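User: I have just opened this one and would like a careful walk through it. Could you take me along topic by topic?
Analyst: Gladly, and here is what we will be looking at.

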Amino acid sequence: NRVRRGATADLAEKPIQEQFGQRVIDAFADFARSDLKTPTELENDEFSHVTNATLRRRLSEVFYGVRWIYKLGLALLTKDAERAAHVRAQIVDYASVAEGLLSDCLAHAIRHGHTRGTAYTFRDPDNQLRPINWNVNNPEPMLRRLSLWWFIRIARDFGVISAGHQDDLHWLREQRNTVHLQERSALGQTAFLNQSRKAYGIVTQTIRQTKTWKASHP
């Protein structure tokens, strides 16, 4: 209450234009935050299965941020160039979250002997070219050199993701790779919602599948 009274007093000392502007800003911020889990809540729930604590925190913060951007876009009723900017930011961040989740599971599989086949021992698994000499005790440095395409391909081999979800992740990867080249505003009035919702659904499914796989592969 003391903090609230202090904030009210500070607001009262400002000109009416500043008071109005601050309340508008606060209203947008409150709407954007509403119904969203905090980064800490996400870390303890959606991303609780991620082994690396630093990665777990980063994924939670990025996921919270992209959901906040989505809500802010709704509040501002973005369209055309503004919608395009929001879509680009969301696609890139959703792909980053998916990449982090797959990387964590692949590191876990290599470290604990949950690998399948030999494709993961090549940078070009389809043609079995450019062999990888894995350090099974510390696979992360090598994983940081590999692409999201490789992560999706090997995650399917290891059974981390389903065949159908593999296709969805490739869609997200392709969107991420071309997002700065495409004119998102040309997709029409529903582009912002449709593209973002699809990407969100793909990432939430990635969370579910990686969590299920981790639970069955300790």
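User: To start, how many salt bridges does a search of the whole structure find?
Analyst: The search finds 12 salt bridges, where a salt bridge is a side-chain nitrogen of Lys or Arg within 4 Å of a carboxyl oxygen of Asp or Glu. Please keep in mind that this is a predicted model, in which local features need pLDDT of at least 70 and side-chain atom pairs count only at pLDDT 80 or more, while totals for chains, interfaces and linings use all residues. Residues are numbered from 1 along each chain as its sequence is written, and side-chain values use heavy atoms, with hydrogens and water left out.

User: Why would such side chains pair at all?
Analyst: Side chains of opposite charge can pair when their charged atoms come close.

User: OK, which residue does Glu-43 form a salt bridge with?
Analyst: Its partner is Arg-57, and the closest N and O atoms of the two are 2.8 Å apart. Glu-43 lies in helix 3 (residues 39–44) and Arg-57 in helix 4 (residues 53–76), so this pair ties together parts that are 14 residues apart in sequence. Helices here are DSSP runs of H or I with at least four residues, strands are runs of E with at least two, and both are numbered from the N terminus.

User: And is Glu-43 buried or exposed?
Analyst: Glu-43 counts as buried, at 16% relative accessibility, whereas Arg-57 is partly exposed at 28%. Buried means under 20% relative accessible area, exposed means over 50%, and partly exposed lies in between, using a 1.4 Å probe and protein chains only.

User: What about Arg-153, which residue does its side chain meet?
Analyst: The side chain of Arg-153 meets that of Asp-126 in a salt bridge of 2.7 Å, N to O. This pair links distant parts of the chain, with Arg-153 in helix 7 (residues 148–158) and Asp-126 in the loop between strand 1 and strand 2, 27 residues apart. Arg-153 counts as buried at 18% relative accessibility, while Asp-126 is partly exposed at 47%.

User: Which residues are linked in a network of salt bridges?
Analyst: Lys-37, Asp-45, Glu-46 and Lys-211 are linked in such a network. Within it, the side chains of Lys-37 and Asp-45 meet at 2.4 Å, N to O. Lys-37 is partly exposed at 33% relative accessibility, and Asp-45 is partly exposed at 33%.

User: Changing topic: how many residues does the largest nonpolar core have?
Analyst: It has 47 residues, and those with the most contacts inside it are Phe-47, Trp-134, Trp-150 and Leu-172. Such a core is a set of buried Ala, Val, Leu, Ile, Met, Phe, Trp, Tyr and Cys residues joined through side-chain atoms within 4.5 Å. Helix 5 supplies the largest share of this core, 13 residues.

User: What is Trp-150 in contact with?
Analyst: Leaving aside its neighbours within four places in sequence, Trp-150 is in contact (heavy atoms within 4.5 Å) with several residues, including Leu-106, Tyr-120, Phe-122 and Trp-134.

User: Now pockets: what volume does the largest pocket have?
Analyst: Its volume is about 390 Å³. A pocket is an open set of points on a 1 Å grid over the protein atoms alone, where a 1.4 Å probe fits, with protein on both sides within 12 Å along at least five of seven lines, and lining residues have an atom within 4 Å of a point. The volume is the space filled by probe spheres set on the points, which are joined across faces, edges and corners.

User: What lines the largest pocket?
Analyst: It is lined by 18 residues, of which Leu-55, Ser-103, Asp-104, Glu-140 and Arg-144 lie nearest its centre. Helix 5 gives the most to this lining, with 9 residues.

User: And how much space lies in the second largest pocket?
Analyst: About 230 Å³ of space lies there. The second largest pocket is lined by 14 residues, and Lys-37 and Glu-46 are among those nearest its centre. Lys-37 and Glu-46 also belong to the salt-bridge network. Helix 9 gives the most to the lining of the second largest pocket, with 5 residues.

User: Last one: where is Gln-128 placed?
Analyst: Gln-128 sits in the loop between strand 1 (122–124) and strand 2 (129–131), and has a positive phi of about 50 degrees although it is not a glycine. Arg-130, placed in strand 2, also has a positive phi, of about 60 degrees, without being a glycine.
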